[in-house]
Amino acid sequence: MTDYSTPLFYIVAAVVLIPAVLMVTFRNLIYSAAAMILCFIGVAMVFVTLNAELLAISQVLIYVGAISILIMFAIMLTRQRSGEIRLFFHRQAWLALPAALALAVTMAVVLSRASFSTTPGPRNPGTSDLSNLLFDQYAFPFELVSLVLLVAIVGAILLARRERRR
Amino acid sequence: MKAAVLLIPLLPLLSFAFTGLLGRRYLKERSHYVSVAAVGISWLLSMYVLVEVERGQTLSWQLYSWIAVGRFSVDIGFLVDQLTAVMLLVVSTVGFMVHVYSIGYMHGDKGYYRFFAYINLFMFSMFMLVLANNFLLLYVFWEAVGLCSYLLIAFWFPKRSAANAGMKAFLVNRVGDFGFSLGIMLIFITLGTLSYSGVFASASTLSGGMATAICLLLFTGAVGKSAQFPLHVWLPDAMEGPTPVSSLIHAATMVNAGVYMVARSNPLFAQSHTAMMVVAIIGTFTAIFAATIAMVQNDIKKVLAYSTISQLGYMFLALGVGAWTAAIFHLLAHGFFKGLLFLCSGSVIHALGGEQDMRKMGGLKRKTKITYWTFVIGALALSGFPGLSGFFSKDAVLTGAFAEGYWYFWIVALITVLLTAFYSFRLIFMTFHGEPRTDPKVFAHAHESPRVMTVPLILLAIPTVIGGLMLGIPPENGHIDRLLHHIFEAAIPAGEHVFGPLTLSLMIISALVGIAGILLAWHLYERCPWLPNAACKRAGRLYTLLLNKYYIDEIYAAVIINPLRGFCGWLWRFVDAGVIDGAVNGAGWLAMGAGRLLRPIQSGKVQGYLFSMFLGLLALMVAYLLFNI
Amino acid sequence: MTPLQHYLALSVALFAIGAWGVMARRSIIVVVMSLELMLNAANIALVAFSNYSPGTPGRGEVFVFFVLAVAAAEVAIGLAIGIAMYRLRERLDVDELDELKG
């Protein structure tokens, strides 16, 4: 049986990276958001290739579903007045690309120097094992995260609320 | 006893706070009520303490642990023994009299409340000085009385000469105090303690050289505070202060602090014959040196000031030859009669509306009866007239010097007796006898001082008359000797001196010399008033030398002050303006330049910060790669 | 099977693109989106390590769950700040956020 995993990986990586680059370069915010959604789907596919099905579904639910919608709403709520959008890139953008490239190269070099002990064969557990891990060993951090979310909701409401008082 | 000892200094302190805080706004002309009452009660309590001590009760009381750092510990505590009681007697009595007197003397002054506040503060400090039970506390209040002295000398500070005199007193005292503080540090380094009891108990363990060093340093402080040569220059100038201040601080109490301190440290001084000799030599020299100056001065208060210096010299002579009791006896007697003399001179100045030059006085005898007679009593005591307190105390000093074998000191001191009697009565004849040389208008207004001023004169004249008889008979073994014997046990040379033919003949000699001085003054200034001027002309050079106080101030100005001023000018122009200002300005420039360079970094723009953050991350990783951290 | 290094390279590339976006774009919304890209890059690395390393299986995945939750919170707050800023300044320019200085 031929192993198609590596060519498949390249396709998936392209689905991740090309929309990512587009997202950064599109001038229209709606296009950017659309590119981002595509990128997130690509990431979910990466998770599938890594035997993390539950995570892939969560990624689609949270990122593609919730966060993207949130961003869409933000874009619509803050639609610029006509002729308002003049500058898309920051003054320091010409420095940003080489800086990002340098970052990528150094990170790559650092990672290539490191030696990881890898094991052949998939190691990511199935959904039921993962659930046991999450609700047993990591129950306390899980509850803590729920608290963080609650605080974030309250904070977001407080920040975005229209000021009533004069 | 404890309560009394605590209240003695506390009452003047409270009164100082009360008068000082409320005086300007509320008390004004009533400022003296509380302060005089407070000092009066302190006086009563001092008398009580004296009686208790007479009955053999002493007190050593650790009130409060002030500083305790490792081996170093200083307590605020009281030591009340016979010496303290005698000091309390002088300080409280003269202090109380001066307070009462000041009600009249300072009446109508703009700084009335201020005067009483300061003088209360002084009383507090002086009480604490004599009550202290360790050297550091002594030093603290030593400085405190110096501060009060400064404040009161410069009391009329709008007058430039008064402000300068205050500054001079302070600065000259600093020279002495510096030595004193070094001495105290040396005591701590060698003996590890500063309490009197601890230091004196282990005094005998000191090596000879160390004992000499400590004693000489302590004595430096005494030289400054008690105005001995060569640090005497501040005391005559201190006469710029109000006369009650001159009487209390610069004659009867504060200047005695040096004598008290040396007497208190007698177990230390007993360890060093060299130091004792230095004390005696300085004392003797100062005695005759100041007496010669006093002979020709024309300012009534200056004469008394030099007289004070001279008499303090006597006390140091006594201390130096080991006649400890005689020194304290003379301190006691001198405190009373010199306080009296100053108050009398104040009364004279008051009568003449502020005139201090004796050449413009004369004939005041008729106008101011009480002042005249009390002045004469004081002057007789100062001259050592038989029967008065000064006679017994001075005689104790002279006999002490002679009996210990220092006949050369004795001769100098005897000459000084002659000079003392002469200038005292020159003062009296010039002021009270002869024809008035005052402006007739002023003389017509001359009047006796109010009762509030004359009563203290009379009250102070009483101990001047009977003090010697009460304490000094028989000489060498009088009441005061028995009282203080215990204090000086460690330091008194072997062999008790008993009153005998030798002592008697010495007494007669000194009495005759004193009377000779009085007669000389009478001859020169009463019988042949033209003689002094002729004599002055004949002795032109010498007279000018004396009149200018041996040019000591001028010598100091030339040798110390002007070079110092030049050096300071150089410091100012070169070091301060050049180096220090340059460095400071340079630092300013550096900061400004750096700020200009770095300002864009803190633009406040979040994205700029983010960018720097990524650059930092990059740098960290590159560093990791390069150095393999 | 695809080697671990491939996934790491993907992660690095996605992270760099996200960083570029954070640094280069003016709109605060795009900046927030770029931040999400960087978080996703980290998630890929975590899941990859979880799948290849000999340690306790699934631990990296659990980590990613937490990152997801925190990312959601972060987006909510970030966008709320953006909206508040828009109300205040009528613009979405990140340079408007220049109060962070002495």
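Residues are numbered from 1 along each chain as its sequence is written, while chains are lettered from A and ligands numbered from 1 in the order in which they are written. Because the model is predicted, local features need pLDDT of at least 70 and side-chain atom pairs count only at pLDDT 80 or more, whereas totals for chains, interfaces and linings use all residues.

**Confidence**

The score used here, pLDDT, is the predictor's confidence in each residue, from 0 to 100. Helices (H or I, at least four residues) and strands (E, at least two) are DSSP runs, numbered from the N terminus. Chain B has a mean pLDDT of 85, with 98% of its residues at 70 or more. For chain A the mean is 83, and 87% of its residues reach 70 or more.

| Chain | Lowest mean pLDDT | Highest mean pLDDT |
|---|---|---|
| B | helix α23 (residues 531–538), 72 | helix α11 (residues 257–264), 91 |
| A | helix α4 (residues 93–113), 85 | helix α2, 91 |

Keep in mind that where pLDDT is low, the predicted coordinates should not be read in detail.

**Chain B and the cores**

Chain B has 26 helices and 2 strands. Its 629 residues are 52% buried (20 or more other C-beta atoms within 10 Å of a residue's own; exposed means 12 or fewer, partly exposed is in between, and C-beta atoms are placed from the backbone). Two residues are in contact if their C-beta atoms, placed from the backbone, lie within 7 Å. Of the contacts in chain B with a separation of 6 or more, 81% join residues 24 or more positions apart.

A nonpolar core is a set of buried Ala, Val, Leu, Ile, Met, Phe, Trp, Tyr and Cys residues joined through C-beta atoms within 7 Å. The largest one has 201 residues, and L317(B), A327(B) and A401(B) have the most contacts inside it. Setting aside neighbours within four places in sequence, L317(B) is in contact with residues including A280(B), A287(B), V397(B) and A401(B). Apart from that core lies another, of 78 residues, with V12(A), I75(A), L10(C) and Y86(C) among them.

Not every part of chain B is tucked away. Helix α24 (residues 540–547) of chain B has 8 residues, and the number buried is 0, so this helix lies largely in the open. Just after α24(B), K549(B) takes a positive phi of about 55°.

**Where chain C meets its partners**

On the chain A side, 58 residues of chain C are in contact with 73 residues of chain A. Helices α1 (4–24), α2 (28–52) and α3 (59–89) of chain C each supply at least two residues of that side, and the largest share, 20 residues, comes from α3(C). By class, the side of chain C that touches chain A has 43 nonpolar, 11 polar and 4 charged residues. (Nonpolar means Ala, Val, Leu, Ile, Met, Phe, Trp, Tyr, Cys and Pro; charged means Asp, Glu, Lys and Arg; the others, Gly among them, are polar.)

With chain B, 11 residues of chain C are in contact with 10 residues of chain B. That side of chain C divides into 6 nonpolar, 1 polar and 4 charged residues.

**A helix pair up close**

Two packed helices are described by the angle between their axes and the distance between the axes. Helix α2 (residues 29–49) of chain A packs with α2(C) at an angle of about 5°, with the axes 11 Å apart. Axes are lines fitted to C-alpha atoms, for helices over the stretch in contact, and angles run from 0 to 180 degrees between N-to-C directions. Angles under 35 degrees count as roughly parallel, over 145 as roughly antiparallel, 65 to 115 as roughly perpendicular and the rest as oblique, so α2(A) and α2(C) are roughly parallel to each other. This contact has 13 nonpolar, 2 polar and no charged residues.

V30(C) lies in α2(C) and is buried, with 26 other C-beta atoms within 10 Å. Beyond four places in sequence, V30(C) is in contact with L29(A), S32(A), G21(C) and R25(C).

The loop between α8 (208–225) and α9 (234–237) of chain B holds P230(B), and the peptide bond from F229(B) to P230(B) is cis, with omega near 5°. A227(B) is in the loop between α8 and α9 of chain B, has a positive phi near 55°, and is buried, with 30 other C-beta atoms within 10 Å. In chain A, N51(A) has a positive phi near 65° and counts as partly exposed, with 19 C-beta neighbours inside 10 Å.
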